[in-house]
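Hi,

Here is the structure I said I'd pass on.

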Amino acid sequence: MNYGVISAGILLVSFIYVFISYERRNISVKEISLLATLSALAGVARVPFVALPNVQPTTFLVMISGYVFGPKFGFMTGAFAAFASNCFLGQGPWTPWQMLAWGLAGFSAGIFKKFFKYPSRLFFSILAFCWGFLFDYIMNLWHWLFFVYPLNLQSFIFTYINSFYFDLMHSVGNFVFAYLFGKDFINILSRFKDRISYTEIPVEKIKEE
């Protein structure tokens with residue numbers, strides 16, 4: 001019994017349920033277009049850096065999407081970005097785990113904004129740095145379930161120790177991308193959010209005024 005394949009199947013079914021639930025929400029065409037654009041951007045941004053070990057600008061782009069547009073939007077951006085990038089780099093049982101990891105990165109950034117409205121460039125970069133390790137810890141779990149035998153505490157610890165330098169590369173890359181471009185991307189997306197946001201005012205209320 002391969003627990004990696006089973007876990008990927010469970011995640012895939014869960015994502016189908018999440019996507020159907022999200023689609024049934026009263027979402028606008030603008031939101032769908034924006035979600036598709038940001039997911040594609042975050043996914044494609046991963047491709048030029050594929051030669052560098054575990055340097056992935058996708059993570060910080062997904063986090064910025066979640067920070068600006070909220071936790072649910074961030075989760076969906078991360079999930080679709082993983083799927084989009086793997087259209088170039090190859091789909092497999094790792095895809096649902098990547099969708100989960102990047103989805104949680106976007107979701108957590110949306111939650112982060114509820115507590116820190118105006119974080120400094122350094123503070124947001126440190127959060128991106130932490131998500132480099134968190135993302136890889138989730139993927140290490142998949143690697144351990146799928147490739148390693150026997151599954152015990154010793155092999156678990158050995159798997160995580162072996163991946164340390166790759167995890168560090170991801171975190172350092174996230175920090176650099178977030179520090180150099182994070183604030184500017186947040187400002188651009190925030191302005192765009194203000195443009196597409198509007199409030200409906202009932203006609204009766206206008207007549208009263």
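This is a predicted model: local features need pLDDT of at least 70, side-chain atom pairs count only at pLDDT 80 or more; totals for chains, interfaces and linings use all residues.

**Loops, a helix pair and some record entries**

P150 sits in the loop between α6 and α7 (153-162); helices here are DSSP runs of H or I with at least four residues, and strands are runs of E with at least two, numbered from the N terminus. A cis peptide bond links Y149 to P150, with omega at about 0°.

Residues are numbered from 1 along each chain as its sequence is written, and side-chain values use heavy atoms, leaving out hydrogens and water.

The loop between α2 and α3 is worth a look too. N54 is in that loop and has a positive phi of about 65° although it isn't a glycine. For background, most residues other than glycine have a negative phi, and most peptide bonds are trans. N54 is buried, at 19% relative accessible area (buried is under 20%, exposed over 50%, partly exposed in between, with a 1.4 Å probe and protein chains only).

Q56 belongs to the loop between α2 (29-44) and α3 (58-69), and is buried at 9%. Its side chain makes a polar contact with the side chain of N54 at 2.8 Å. (That term means a pair of N or O atoms within 3.5 Å; within protein, one must be able to donate a hydrogen and the other to accept it, and residues adjacent in sequence count only if both atoms are side-chain atoms.) Leaving aside residues up to four places away in sequence, Q56 touches R46, W102, F135, H170, N174 and F177, where contact means heavy atoms within 4.5 Å.

K117, in the loop between α5 (94-115) and α6 (121-147), is exposed, with a relative accessible area of 51%.

Now the helix pair. The axes of α1 (residues 3-23) and α6 come within 6 Å and cross at roughly 130°, which makes α1 oblique to α6. (Axes are lines fitted to C-alpha atoms, for helices over the stretch in contact, with angles from 0 to 180 degrees between N-to-C directions; under 35 degrees is roughly parallel, over 145 roughly antiparallel, 65 to 115 roughly perpendicular, and the rest oblique.) Y3, G4, V5 and S7 in α1 meet W142, L145 and F146 in α6.

Last one: residues 122-145 are 100% helix and 0% strand, with the end C-alpha atoms 35 Å apart. An unreviewed UniProt entry lists 122-145 among its "transmembrane region" stretches; such annotations may be inferred rather than shown by experiment, feature names are shortened, and positions are in the numbering used here.

Cheers
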